[in-house]
Amino acid sequence: MKKLITYYTIVAIAIVTTATCSDSRPREFLSLGTAGTGGIYYPLGGAMAARLSVMDSLRQYTAEVSGGSVENVNRLRERQTDLAFATGNTVYEAGTGGQDYEQAVAELRILAPLYPNMTHIVVARGSTAVSLADLAGGTVSVGPPGSGTEQMSRQILEAHGLTYDDVTPRYLTFNDSANALRDGALDAAIISVGYPAAAVLEATTTGGARLLPMAADRVDALREKYPYYIHGEIPAGTYPGTDEAVPTAGIMNWVIGMAELPGEVVGNVVRMLADDRDELAQVHEMVRQIRMESLLDAPIALHPVTQAWVEANLQGGAR
């Protein structure tokens, strides 16, 4: 109880402090970086921005289309956006200074968890491939530049003994990948997204594409080198042709921001995702997969308000 009181005290002080000066300044505009329109980030971001704008009388929130996770982190670092969505691999690499980051983004913080992404390995109609390893020499969409999917595609290919030198990579959005699969311009696409994803539904429904499973030993190889991956599956019946569950690699999505993001903003994000998800679930069912206890395994530091919530709510058990 003492910890719970401490958490709400932190948030209340932040709200009161801001409210005392609300009459002296106009409503502030905050942006939320998402991704392209073919995945879940953008519609979910729009719903969250609308809800936050109702919860916060001092600010107006807007969801912005972006290239995805890497671009979102870069825009946060440059203070060109205020909060954003990103995949766990991008968050980890940015926070630790790995892969595409020469230096760690030291002030990057996790605000809240989202749902897990599942790796969709989608092959074109008529493909005889049974594994991604069979796509050597083929044309493969690896996701748009600046996206977490593109970062992950390199790792997924690596787990199957391939690099970009072994395929012809195409840097396409999810929607463009679906169209290219339907038109026969791609052999396969790697799409990291929650399910069901509009682009994958389009590719499998009208384009005759199908999903490839990812063997457990390939996921184990990924996890050994990149600890942010998890074993996951795409449930049977999610897409046409998936009569059985499709095993694959998964990765968590996170809401992120910089350490200086006002406490009342973070507090509203946490409260919305912890206690008020029903409205968001009307936009996409993946919201029901959000588990706040995922914060206990966050890949980088939590924002102080989020940390206070964890200490108040998760020490006695997950929720």
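A pocket, as used on this tour, is an open set of grid points where a 1.4 Å probe fits, with protein on both sides within 12 Å along at least five of seven lines. The model in your viewer is a predicted one, and its largest pocket holds about 270 Å³ of space.

**Stop one: the largest pocket.** Select Ala 35, Gly 36, Gly 68, Thr 149 and Phe 174, which lie nearest the centre among the 23 lining residues. Next, colour β4, α5 (148-159), α6 (174-183) and β7 (188-193), the elements that give two or more residues to this lining. Now colour the lining by class: you will find 16 polar and 7 nonpolar residues, and no charged ones.

**Stop two: the second largest pocket.** Its volume is about 200 Å³. Show α4 (88-96) and β10 (246-258), each of which supplies at least two lining residues; β10 gives the most, with 3.

**Stop three: the largest nonpolar core.** This core has 77 residues, and those touching the most other members are Leu 44, Met 48, Leu 83, Leu 108, Val 255, Ile 256 and Leu 273. Follow strand β4 (residues 108-123), which gives the most to the core, with 8 residues. Then centre on Val 255: leaving aside residues up to four places away in sequence, its contacts include Met 48, Phe 85, Ile 110, Leu 114, Val 269 and Leu 273.

**Last stop: the second core.** Finish at a separate core of 25 residues, where Val 142, Leu 162, Tyr 228 and Ile 251 are among the members.

Key
Residues numbered from 1 in each chain as written. Predicted model: local features only at pLDDT ≥ 70, side-chain atom pairs only at ≥ 80, totals over all residues. Heavy atoms only, no water. Core = buried A, V, L, I, M, F, W, Y, C linked by side-chain atoms within 4.5 Å. Buried < 20%, exposed > 50% of the residue type's maximum accessible area, 1.4 Å probe, protein only. Helix = DSSP H or I, 4+ residues; strand = E, 2+ residues; numbered from the N terminus. Contact = heavy atoms within 4.5 Å. 1 Å grid on protein atoms, 1.4 Å probe; cavity = no way out; pocket = protein on both sides within 12 Å on 5 of 7 lines; lining within 4 Å. Points joined across faces, edges and corners; volume = space filled by probe spheres on them. Nonpolar A, V, L, I, M, F, W, Y, C, P; charged D, E, K, R; others polar.
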